[in-house]
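Okay, hi everyone, thanks for making time.

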Amino acid sequence: MKKERGGETETGRLGDTVMMNVLKLALTVVMLAATAAAQQPGNPTNQQGVTPPRGTYVIRNARIVTVSGADIENGSIVIRDGKIEAVGTSVNVPAGAQSIDGHGLSVYPGMIDAGTSMGLVEVPQGASGTVDTSEVGEFNPNSRAIIAVNPHSAHIGVARVEGITNVVSAPTGGLISGQATLINLLGTSPKEMAVVPNAALVINYPRLGGGGGGGFGGFQPQVNLADALTAGERQLEQIRKMLRDGEAYGRARDAYAKDSSLPRPDINVVLEALVPYVRGQQPVIFRADREAEIRGAIKFAEEMKLKPIILGGDDAWKVASLLKEKNVPVILTGIFGLPGREDDPYDVLYESAAKLQQAGVRFCISSGDPGAEARNLPMYAGMASAYGLSKADALKAVTLYPAQIMNVADRLGSIEVGKMANLVVTDGDLLEIRTHIHYLFIDGRKVQLTSRHTELNDAFKDRK
Amino acid sequence: MRRFISRLLLISFISTLPLSITRAQTPAANPSETLIRNATVLTITHGVLANTDVLIRNGKIAGVGKGLKASADARVIDGTNKYVMPGIIDCHSHSMLDTINEGTLAVTSMVRTRDVLNPTDVDLYRQLAGGVTTVNLLHGSANPIGGLNTVVKIKYGRPVDEFIFPGAMPGIKFALGENVKRSSNPNLPGVTRRYPNTRMGVEETIREAFTKARDYKRGWDEYRAAVANGGKNLIPPRRDLQLEPLVEVLEGKRYVHAHCYIASEILMLIGLADEFGFKIKTFQHVLEGYKVAKEIAAHGAGASTFADSWAYKIEAYDAIPYNTAIMTRAGIVVSVNSDSDERARRLNIEAAKAMHWGDLTEEQALKLITINPAIQLGIQDKVGSIEVGKDADLAIWNGHPFSVYSRVDTTFIDGDIFFDRQQDLSRRADLAKERATLEQADPNKPPAQGQTPGVNRRRPRTHSDDEEVWEGERP
């Protein structure tokens with residue numbers, strides 16, 4: 001059960017000198033605020049799926065886990081205009097700020113899951129009408145997750161109330177799947193949710209040996225070695241050709257813009273989408289789990305001068321020195337996966353994060369789940385910590401590190417002045433399953449701790 | 001690439017090695033006595049005991065208390081800052097089954113999981129490393145009435161006969177809903193679907209089977225009565241292996257473990273069981289159990305559910321993580337299961353979720369993976385709690401098992417160690433060396449060209465009701 005604490009409308013404590021100074025001024029504001037209370041965020045009149053307005057808040061006397069710096073005991077945070085306005089043991093509180101008593105509570109930055117397809121699929125099996133992850137064909141760089149992400153997916157509320165405030169949602173099909181989006185888990189429209197609408201190009205690095213996993217049954221058919229090797233190379237060559245076309249297209253386009261006497265290139269929406277990625281302005285996410293695929297992706301990205309991110313990374317620890325040398329970050333999704341080989345140590349994936357950390361590789365931890373199970377993200381990080389990752393790094397692995405890898409650390413991932421007010425207020429360690437969340441802010445908006453699951457619980461829990 | 005190919009070959013080679021070489025986990029000498037000193041003991045039935053010793057003798061728990069004495073040659077383990085809890089019991093598993101679904105008929109009560117056990121399944125070892133000691137191996141969910149279960153202790157490294165849990169209640173798998181309807185199999189022209197195709201047909205299938213079983217039982221009852229009355233030259237009814245287990249269900253000698261999802265099908269089976277006068281021992285998955293908790297409680301059934309899995313198919317879309325707590329408060333004996341080789345390794349966390357969603361107490365949540373599943377399998381007098389006289393099936397954790405930061409140090413079954421982290425770590429260098437040697441061996445060198453040998457994949461990556469494909473749908 002989520003617990004809402006009362007007292008949000010108090011304007012401050014008498015002992016607070018800062019508040020004393022503004023109290024007189026504030027009195028009139030309080031009068032206005034009272035009339036506006038019915039529309040204020042956090043009020044039960046909020047409707048599911050309708051974005052609440054931004055508000056001005058102060059969380060007082062809480063333990064503030066900034067992630068980027070030291071923890072602040074008995075600290076306060078001011079939230080205004082969607083941003084963190086002040087953090088510290090003594091802060092200036094704006095007039096009319098709603099005060100939240102943080103005594104005994106901890107404030108964390110919201111968690112970020114960088115490896116989902118949230119909002120693109122509701123029910124994967126038996127309801128294909130709800131599946132929008134995978135476009136027809138192998139090459140769809142112009143297929144954009146932000147277009148199809150469903151703001152009213154039940155998965156969003158379910159993940160959000162566990163303290164996950166942001167996800168990267170990525171398409172999954174073909175060789176070039178499309179473009180992933182980085183969103184706030186709040187908003188009535190994709191536009192309202194978008195933090196980086198087109199955050200990365202997603203490429204499924206060809207699986208050597210083809211076929212891939214999946215299929216059950218007793219016997220894996222014979223593989224022709226030569227075929228297996230060349231099939232992967234062929235697919236890679238197709239990707240290479242498409243990226244080069246994108247590069248050439250960008251050059252032709254720019255040249256024409258400078259000199260209209262040149263032949264005017266036809267607009268090509270597919271190649272157009274590739275331009276920022278082939279120029280290294282935006283990152284390219286390579287799905288790759290096995291060692292050979294990760295090495296291949298790094299080599300390919302270097303050849304094509306891309307800005308690569310490895311997604312998956314089961315074997316990344318085996319490639320750690322190369323990842324470090326090339327400064328290629330990894331979004332680890334496999335921590336709860338079964339070891340890939342029968343003779344792997346039982347904890348090979350539990351401890352892969354610790355190994356990457358020790359090797360100095362940039363990484364973050366993701367559920368890798370399409371959406372429904374993304375709420376288990378803190379448990380992935382916790383398991384990595386049970387097997388060697390420090391608690392501090394486990395927390396960073398689901399907050400600051402994904403923000404850095406996705407180039408949004410100026411806005412997300414830690415509690416610092418000027419960052420987006422995506423905050424979670426808990427009664428304990430954010431990664432511990434027994435912890436409860438008491439307040440949630442996204443984009444400076446106070447979000448009700450309700451979801452499809454709390455609603456069904458409320459409807460049935462007292463049935464006699 | 002060479003690595004990949006050699007790996008392919010290596011795996012096929014290793015799988016043919018005798019067990020003693022690949023993975024002999026049991027230490028050479030397991031002493032008859034073990035004393036765990038000064039640990040926090042989660043007894044389950046008698047609270048949490050701080051700074052307490054647990055004495056194991058001849059495979060049983062011989063003492064729980066302070067300052068216990070052991071014999072001179074006993075193995076002594078310092079439990080300071082550690083937690084001891086009963087071995088976790090997973091009430092829904094398909095581990096170590098070489099095949100899961102006999103899917104060709106709607107009623108397959110004549111087939112037994114006991115006949116397809118593979119004791120070398122490495123996922124068993126991975127589950128020991130998660131503190132699991134007993135699992136309920138169920139037939140799959142392709143049929144309204146499926147095959148017979150097997151309850152085993154994970155005595156990894158021992159002969160298969162030693163796995164069998166002595167005295168566990170025999171059970172049978174039932175299943176309702178999408179899997180039984182074969183919902184994921186498309187309707188193709190020219191391909192005859194197996195009956196049933198609807199939840200109506202599922203009810204009718206089970207009804208017909210029990211109608212036959214009741215008649216069959218009557219035939220035997222009359223025959224035995226006649227024999228008892230001194231009848232001569234009587235001809236016994238012809239034995240029917242399909243109906244025999246159902247007669248045992250009618251007589252309360254075999255537990256029904258019924259896979260189900262939605263409220264209506266749960267109520268259907270309760271109504272049918274009441275009508276025929278038998279009990280459902282557990283509803284499995286039972287993700288909408290929270291909607292009909294009072295009916296489940298009134299029938300006296302248990303529930304074995306997922307902590308928080310949902311939305312993976314339509315019949316799981318109304319699943320909520322409060323299910324466990326709501327059913328517990330309704331008076332139902334509830335367990336949290338895995339139905340997955342992966343999830344089985346972290347059932348401690350799955351149980352802790354009931355404290356997060358639904359605010360169960362720590363004791364209630366611990367019971368979800370210990371004494372409650374023991375009750376559901378009829379083994380509660382032997383395992384599921386730490387009490388003198390019970391089997392010494394325990395795990396030592398390096399922190400509270402409900403913390404995400406904790407892991408298992410040592411797992412005991414019947415007083416013997418079947419997993420020990422330090423031992424596991426110390427063997428890794430040798431295994432790596434052995435592997436390197438094998439990779440250089442001639443039979444493992446990849447051919448310069450041509451075909452790789454076919455690789456025998458013994459079993460799917462994960463076992464679960466919903467992921468298993470069953471072969472041979474008859475046209």
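Tyr387(A) has 6% relative accessibility, so it counts as buried.

Quick housekeeping. This is a predicted model, so local features need pLDDT of at least 70 and side-chain atom pairs count only at pLDDT 80 or more, while totals for chains, interfaces and linings use all residues. Residues are numbered from 1 along each chain as its sequence is written, chains are lettered from A and ligands numbered from 1 in the order in which they are written, and side-chain values use heavy atoms, with hydrogens and water left out.

Okay, back to that tyrosine, and on to rings. Rings of Phe, Tyr and Trp (its six-membered ring) pair if their centres lie within 6.5 Å; planes under 30 degrees apart are stacked, over 60 edge-to-face, and the rest tilted. How many aromatic pairs does a search of the whole structure find? Over all chains, 20. Take Phe286(A) and Phe300(A): their ring centres are 6.2 Å apart and their planes sit at 85°, so this pair is edge-to-face. Where are they? Phe286(A) is in strand E11 (residues 283-288) of chain A and Phe300(A) is in helix H7 (residues 291-304) of chain A, 14 residues apart, so to speak linking distant parts of the chain. For those labels, helices (H or I, at least four residues) and strands (E, at least two) are DSSP runs, numbered from the N terminus. Both Phe286(A) and Phe300(A) are buried.

Tyr346(A) and Tyr387(A) make an edge-to-face pair, 6.2 Å centre to centre with 80° between the planes. This one also links distant parts of the chain, with the two residues 41 apart. Tyr346(A) sits in the loop between strand E13 (330-332) and helix H9 (352-359) of chain A, and Tyr387(A) in the loop between H10 and helix H11 (391-396) of chain A. Tyr346(A) is buried as well, at a relative accessible area of 4%.

Arg346(B) does it over the face of Phe336(A), at 4.0 Å.

Next up, empty space. Rolling a probe the size of a water molecule over the atoms shows where empty space is left. On a 1 Å grid over the protein atoms alone, a cavity is a set of points where a 1.4 Å probe fits but cannot get out, and lining residues have an atom within 4 Å of a point. Grid points are joined across faces, edges and corners, and a volume is the space filled by probe spheres set on the points.

How many cavities of 30 Å³ or more turn up in the whole structure? The search finds five. The largest cavity holds about 140 Å³ of space. Of its 18 lining residues, Met383(A), Tyr387(A), Arg345(B), Asn348(B) and Ser406(B) lie nearest the centre, and there's our Tyr387(A) again. Helix H10 (377-386) of chain A and helix H10 (347-356) of chain B each supply at least two residues of that lining. By type, the lining has 11 nonpolar, three polar and four charged residues.

Among the buried residues of H5(A) are Leu225(A), Gly232(A), Arg240(A) and Tyr249(A).

Last stop, some backbone details in chain B. Which kind of peptide bond joins Tyr195(B) and Pro196(B)? A cis one, with omega about 5°. Pro196(B) lies in the loop between helix H4 (178-181) and helix H5 (199-228) of chain B.

Then there are positive phi values in residues other than glycine. Ile44(B) has phi near 80°, and it lies in the loop between strand E1 (33-42) and strand E2 (48-57) of chain B. Ile44(B) is buried, at a relative accessible area of 3%. Asn51(B), with phi near 45°, lies in strand E2 of chain B and counts as partly exposed at 44% relative accessibility.

Definitions and conventions: Buried < 20%, exposed > 50% of the residue type's maximum accessible area, 1.4 Å probe, protein only. 1 Å grid on protein atoms, 1.4 Å probe; cavity = no way out; pocket = protein on both sides within 12 Å on 5 of 7 lines; lining within 4 Å. Nonpolar A, V, L, I, M, F, W, Y, C, P; charged D, E, K, R; others polar. Lys NZ or Arg CZ within 6 Å of the ring centre and 35° of its normal.
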